[in-house]
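Work through the exercises below with the sequence and the coordinates at hand. Each task is followed by a stepwise solution.

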Amino acid sequence: MSSERLYYTDAYLVEFDAVVREVVPQNDRWKVILDRTAFYPTSGGQPFDVGTLDEARVIDVFDQEDGTIGHLVDRELEANSRVRGHVDWTRRFDHMQQHTGQHLLSAAFEREASARTVSFHLGTSASTIDLDKEVTADQIARVEDSVNAVLWEDREVCVKF
């Protein structure tokens, strides 16, 4: 049985209620499986969310092979109990902005320089995009102008499946 991924339908959701399905000790931490979650797991170059489940600090979030999402927390929670989750909005919003910016940059590099993105990394102070070829300073300037033009249009950001 998979976890309901609330962030797919509302990326701005920062508080939610869930039921603890399973608690597994992991050294001095606990892996918690919920029936539903707004915590984004590490995926596609975007780091995991942090926050709390009741009083427990969420220190890692990850996809599991069975379709559930694991939440590594700093204290034990009770199986079958209801918990209130709270996502760290500052970190989430920063990741959302960087991720959206990466999509804009990748599209512009492909259009302006025929350079495809091969990897992407979000960081706390810097982000990187690796391209499949070298680009010139002139191409980079055109990409920057192209992305800034889109930003100034203030387009709506939509999620599509």
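In the residue classes used here, Ala, Val, Leu, Ile, Met, Phe, Trp, Tyr, Cys and Pro are nonpolar, Asp, Glu, Lys and Arg are charged, and the others, Gly among them, are polar. The model is predicted: local features need pLDDT of at least 70 and side-chain atom pairs pLDDT 80 or more, while totals for chains, interfaces and linings use all residues. Numbering starts from 1 along each chain as its sequence is written, and side-chain values use heavy atoms, without hydrogens and water.

**Exercise 1.** State how many helices and strands the protein has, and their order.

Step 1. Helices (H or I, at least four residues) and strands (E, at least two) are DSSP runs numbered from the N terminus. The protein has 2 helices and 10 strands.
Step 2. Along the sequence the pattern reads β-β-β-β-β-β-β-β-α-β-β-α.

**Exercise 2.** Describe how α1 and α2 cross and which residues make the contact.

Step 1. With axes as lines fitted to C-alpha atoms over the stretch in contact, and angles from 0 to 180 degrees between N-to-C directions, the α1 and α2 axes come within 9 Å and cross at roughly 130°.
Step 2. Angles under 35 degrees count as roughly parallel, over 145 as roughly antiparallel, 65 to 115 as roughly perpendicular and the rest as oblique; α1 and α2 are therefore oblique to each other.
Step 3. Contact means heavy atoms within 4.5 Å. On the α1 side it involves L104, L105, A108, F109, R111, E112 and A113, and on the α2 side Q139, I140, R142, V143, S146, V147, V150 and L151.
Step 4. Sorted by class, this contact has 10 nonpolar, 2 polar and 3 charged residues.

**Exercise 3.** Characterise the largest pocket and its lining.

Step 1. A pocket is an open set of points on a 1 Å grid over the protein atoms alone, where a 1.4 Å probe fits, with protein on both sides within 12 Å along at least five of seven lines; lining residues have an atom within 4 Å of a point. Points are joined across faces, edges and corners, and the volume is the space filled by probe spheres set on them.
Step 2. The largest pocket holds about 1,100 Å³. It is lined by 30 residues, with M96, T100, V157, C158 and V159 closest to its centre.
Step 3. α1 (89-113) gives the largest share of this lining, 8 residues. The lining comprises 15 nonpolar, 7 polar and 8 charged residues.
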